[in-house]
Amino acid sequence: MAVFFEDVSRTFGEYLLIPGLTTKQCVPSNVSLKTPLVKFRQGEKPAIELHIPFVSAIMQSVSDDGLAIELARNGGLSFIFGSQPIHSQAEMVRKVKKFKAGFVVSDSNLTPENTLADVIALVKKTGHSTIGITEDGTPNGKLLGLVTSRDYRVGVDLPDRKIRDFMTPFSKLTVGEAGMSLSEANEIIWEHKLNTLPIIDRDQNLLYFVFRKDYDSHRNNPLELSNPTDKKLLVGAGINSRDYKDRVPALVEAGADVLCIDSSDGYSEWQAETLRWIKERYEGKVLVGAGNVVDREGFLYLVRAGADFVKVGIGGGSICITREQKGIGRGQATAVSDVAQARNDYFRETGIYIPICSDGGIVHDYHMVLALAMGADFLMMGRYFARFDESPSKKLSIGNTYVKEYWGEGSNRAHNWQRYDMGGSESLKFEEGVDSYVPYAGKMKDNLDITLGKIRATMCSCGAVTIPALQQKAKITLVSSTSIVEGGAHDVILKEHN
């Protein structure tokens, strides 16, 4: 006979938070949203800690290199979508790693014998206006000069003019020496009012560039999520349980900091095999999350296979129709709280903490706080990020409204049947996601600041200034349908705003 769960499967919209004591310490400026991304032992620190509890969904319409860069600059992390050729996904990872690194290896280089036409072509290809002029035209050749947009005039200077005739020669450059710290390099940039500082070795070979814009960017983005050693932004990548033996090495070589198996149902031997292969091949050094699951058994299965974090949620996404098509899933609030209890029990038994990610079910910003209070360490969101300028989908005008395209990985448009793979040689015969639009919302940072402000204010009302404290102190109540209506504007005539 089938196993029946007695508890009702519930969603975040069925709950509210009860205020706790707001002490004088509970002000938004004191709230820390840091949270672990990957597993760690009691008393130790995780290898990766998010500065805000947000990661972006592994979706074509959400997580490319553009959104990954902006989210990392604001303290979160993106998983570059895996429903694309291996080489193009790896290239997206590389673009994120190159974007801001403090010490940047030059990818725009020419020789003094090249021409202005070569300069213009290279700028068009790379988008970078600073070109290192080296003896052999390589990134680490002997530095002979620099060319920037201030050194030539398009339409005035002749295209066949040699670079040696208009570059800024080495004798006039201010340079830094190998071994100096990033703060020392920035001091030179500030003192000499430079835009670019070349870093060279004893033989005058070019090693890196340090850019003023990166220094300014870091000051404007204090929550930036980057490697403390080389200052490169952190980025993740999605993988599947079919081509992982080819995809994982390419992503690791490209610099991905963490991987995640992307599947609608993670409680499978396919995922366990994928996890074990990665852990054995890379001796545990490659971090990889798994999922999705909705109960204790699924969580423990993936943890024992080697998962560094576990994603929770089936069918709760705004464009997911898995529950409708297959009758598979669980209310997101119930799934998160059940798996969180399993995570806590596992931690008490082993001393190893496995972070869980709530994936789906977020409709309003306060649902984010509920998910965290119920035990999630961080949230994976698709619809939320798809609305922004930085997402890869098209912005369209429909009627008097701007929207952005948003489609599920289980839709025919995504052709991502690996995510819904049930093994064997047959491909999926029906869709588990829809093709849709979401209201356009503008720049990520503007919207993110508002959302994070709400989260911090709500946590203060609960008497908590950290996510672990929220999980310990939060008081949660079920609400009736009538009280949900009561919570919005009612019994008034709202003014229309032009």
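In the predicted model, Val55 stands opposite Leu77 in β6. Strand β5 (residues 54-56) and β6 pair in the parallel sense over two bridges; two strands are taken as paired if DSSP finds at least two bridges between them. Strand β6 (residues 77-80) is covered on both faces, with Leu77 and Phe79 buried on one side and Ser78 and Ile80 buried on the other. Buried here means under 20% relative accessible area, exposed over 50%, and partly exposed in between (1.4 Å probe, protein chains only). Helices (H or I, at least four residues) and strands (E, at least two) are DSSP runs, numbered from the N terminus.

Residues are numbered from 1 along each chain as its sequence is written, and side-chain values use heavy atoms, with hydrogens and water left out. As the model is a predicted one, local features need pLDDT of at least 70 and side-chain atom pairs count only at pLDDT 80 or more, while totals for chains, interfaces and linings use all residues.

The secondary structure comes to 15 helices and 24 strands. Of the 498 residues of the protein, 52% count as buried. Among contacts (heavy atoms within 4.5 Å) with a separation of 6 or more, 64% join residues 24 or more positions apart.

An open sheet of four strands runs in the order β7-β8-β9-β10, with mixed pairing. Strands β7 (109-110) and β10 (168-169) stand at its edges with a single partner strand each, so one side of each has no neighbour in the sheet. The pairing of β7 with strand β8 (residues 131-134) is parallel and extends over two bridges. Within this pair, Asn109 has Gly132 of β8 as its bridge partner.

In helix α8 (residues 296-305), the buried residues are Gly298, Phe299, Leu300, Leu302, Val303 and Ala305. Their cover includes α7, β16 (288-293), β17 (310-312), α10 (332-350) and β19 (356-359). Gly306 follows α8 and has a positive phi, near 120 degrees.

Ser263 lies in the loop between β15 (258-261) and α7 (269-281). Ser263 counts as buried because its relative accessibility is 8%. Beyond four places in sequence, Gln204 touches Gly141, Lys142, Leu143, Leu144 and Phe170.

The largest pocket holds about 970 Å³ of space. Of its 36 lining residues, His128, Ser129, Thr130, Phe211 and Lys213 are the closest to its centre. Two or more lining residues come from each of α2 (86-99), α3 (116-126), β12, β13 and α5 (212-220), and α2 gives the most, with five. On a 1 Å grid over the protein atoms alone, a pocket is an open set of points where a 1.4 Å probe fits, with protein on both sides within 12 Å along at least five of seven lines, and lining residues have an atom within 4 Å of a point.

How values were computed:
Points joined across faces, edges and corners; volume = space filled by probe spheres on them.
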